[in-house]
Amino acid sequence: MSSNEKPMQIPVVTIDGPAGVGKGTLAKKLAQMFEFNYLDSGAVYRALSVKALKEGIQLYDLDQLIELASQLSLEFPQQEGFAAHIDGENIDASLRSEECSSYASQVATISEVRKELLALQRRFQAVPGLIGDGRDLGTVVFPQAKVKIFLDASCEERAQRRYKQLIAQGISASFGHLFDSIRARDERDRARSTAPLVAAKDAMVIDSTKMSIETVVSSSAAYVRERLFME
Ligand code: C5P
């Protein structure tokens, strides 16, 4: 075992899938139910992006990006609804802009940056267990995870959900623009050579296109319980 690998008796549940599929909602509900730690790996790429954008670091400034990645430190306190925090400050809202989403999706294609962020993500594997969501948690970050779920839904459905969410919040939105942006991020995530978005061979795949969030949560929770506590 290499020095930065934790003993595998600390259970890990990975939830991977494309943009806007509801991985975060599912992962947070499961983390609450099982009282596990939570890792939003998308927030790791987004936090790096916010810092890079603030400092004017371009996507081709590899050395500076790696330096930033090596200094990054994030927390997702349960008492704060698992929102992303840096140095005790809630930075979650600042991670959700369109500019940040686009930069994060591009910075995530750089293999040296991904490698630099591995140790930070693996530190979240702590007692009593971890539920994490992302694109490559089951394939690259925690390949030995005991439970792997790949949550999917059609691009139309994901854009529709996002559209309804924004309208309900009183934010004006264009369905066509959301659809195009989700599809562009999907293509980049699936096509990149390092850690592409793909279901792990041992993942349970859930197509949630026609499922309610309640059904997704209850069937996932039953699967986690069975894999972690009944085998
Ligand atoms: O999940 P979220 O949309 O917040 O992720 C932001 C970006 O970070 C994604 O577009 C994706 O390209 C990247 N990402 C990744 N690997 C992860 C999590 C996120 O490449 N494990």
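How many residues of domain 1 are in contact with domain 2, and how many of domain 2 are in contact with domain 1? In this predicted model, local features need pLDDT of at least 70 and side-chain atom pairs count only at pLDDT 80 or more, while totals for chains, interfaces and linings use all residues. Residues are numbered from 1 along each chain as its sequence is written, and side-chain values use heavy atoms, with hydrogens and water left out.

To the question, then: 16 residues of domain 1 touch twelve residues of domain 2, contact being heavy atoms within 4.5 Å. Domain 1 covers 37-127 and domain 2 covers 136-221, with bounds that come from an automatic or database domain assignment. Their C-alpha centres sit 19 Å apart. The size of an interface is often given as the accessible area lost when the parts come together. Here, about 1,200 Å² is buried between domain 1 and domain 2, and carbon and sulfur atoms give 52% of that; buried area is the accessible area (1.4 Å probe) that two parts lose on being put together, summed over both. On the domain 1 side, Ser105, Arg114 and Arg122 supply 35% of the area buried against domain 2, more than any other three residues.

What about charges and polar groups? One salt bridge crosses the interface of domain 1 and domain 2, a salt bridge being a side-chain nitrogen of Lys or Arg within 4 Å of a carboxyl oxygen of Asp or Glu. The side chains of Arg114 and Asp136 form a salt bridge, 2.9 Å from N to O. On the side of domain 1 that touches domain 2, α2 (41-54), α4 (98-107), α5 (111-116) and α6 (118-122) each supply at least two residues. Helices (H or I, at least four residues) and strands (E, at least two) are DSSP runs, numbered from the N terminus. The largest share of that side, five residues, comes from α4.

Arg114 turns up again at the ligand. Of the 14 residues around the ligand, Arg46, Arg114, Arg135, Arg185 and Asp189 come nearest, where a residue counts as near if one of its heavy atoms lies within 4 Å. A polar side-chain atom of Arg114 is 2.7 Å from a ligand oxygen. For Asp189, a side-chain N or O atom lies 2.6 Å from an oxygen atom of the ligand, and for Arg192 a polar side-chain atom is 3.0 Å from one.

A few backbone details are worth a look. Val127 and Pro128 are joined by a cis peptide bond, with omega about 5°, and Pro128 sits in the loop between α6 and β5 (130-134). Phe82 is not a glycine, yet has a positive phi of about 65°; Phe82 lies in the loop between α3 (62-71) and β3 (85-86).

Terms used: A polar contact is a pair of N or O atoms within 3.5 Å; within protein, one must be able to donate a hydrogen and the other to accept it, and residues adjacent in sequence count only if both atoms are side-chain atoms.
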